[in-house]
Amino acid sequence: SAANVSARSGDISIAAVGNVAGAGTLTTGAARAQGGGTATPTIAQSGAVTIQATGGNVQVGTIATGNAELAKASVSTDKAVSGAVTLGGASIGSSTTAQSVVIGNALASGAGVKTAGALAASATADGSSGGGVWISSPQSLNTGAINSTGSGAPINVASSGAVDLSKSVVS
């Protein structure tokens, strides 16, 4: 990539009344940029994924954001930001099949700032109606707010890496 030119991959946004389901993968692209040694900030930002299934379940194969890679970052305003994943519905995943989420890495060399995208999820149905949040990830997972407002609805977030729940509001 050319020096001092920011890069951003596209977002994915799905809003539906009812279920958002399928076996496929929703993935945003990677963003790669190169700092240029000037005071002008250079930003590499991969796209975000937002899915809102009003009154329904979110259950697709895998939801993933791409990596954000910034080479030769020379000032503290140069940034690599990986996209976030935001999910909402009556339920996210199910007790038998967790929703798989992969958030891309934020990679920056030199003086660049790295900001990893976070997972936010919200479910509204009661546990007796199948409501709840079930998330799995094959890697470490940074989280934002995760909540399940229905009576008796569980929250289950599992990862083969670390799960940073320090910023979560879990109810």
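Of the 171 residues of the chain, 42% count as buried (buried means under 20% relative accessible area, exposed over 50%, partly exposed in between, with a 1.4 Å probe and protein chains only). The model is predicted: local features need pLDDT of at least 70, side-chain atom pairs count only at pLDDT 80 or more, and totals for chains, interfaces and linings use all residues. Residues are numbered from 1 along each chain as its sequence is written, and side-chain values use heavy atoms, with hydrogens and water left out.

The C-alpha trace spans about 60 × 30 × 25 Å along its principal axes. The accessible surface comes to about 7,500 Å² (Shrake-Rupley method, 1.4 Å probe; for residues, only the protein chains shown count as cover). Carbon and sulfur atoms account for 54% of that surface. Contacts (heavy atoms within 4.5 Å) were examined between residues at least 6 apart in sequence; of these, 70% join residues at least 24 apart.

Charged side chains number 6 positive and 5 negative. Lys and Arg count as positive, Asp and Glu as negative; His and the chain ends are not counted. The centres of the two sets lie 11 Å apart, with each charge placed at NZ of Lys, CZ of Arg, CG of Asp or CD of Glu.

The chain has 17 strands and zero helices. Both are DSSP runs numbered from the N terminus: helices are H or I of at least four residues, strands E of at least two. Four strands form an open sheet in the order E1-E5-E8-E12, with parallel pairing. Its edge strands are E1 (7-8) and E12 (113-115), each pairing on one side only. Pairing requires at least two DSSP bridges between two strands. Strand E8 (residues 79-81) pairs with E12 in the parallel sense over three bridges. Ala80 stands opposite Lys114 in E12.

Two residues were examined individually. Ser159 lies in strand E16 (residues 155-159). Ser159 counts as partly exposed because its relative accessibility is 22%. Beyond its neighbours within four places in sequence, Ser159 contacts Ser137, Gln139, Ser140 and Leu141. Leu141 is 18 residues from Ser159 in sequence, with a C-alpha to C-alpha distance of 6.9 Å.

Lys72 belongs to strand E7 (residues 68-73). Most residues other than glycine have a negative phi. Lys72 is not a glycine, yet has a positive phi of about 55°. At 57% relative accessibility, Lys72 counts as exposed.
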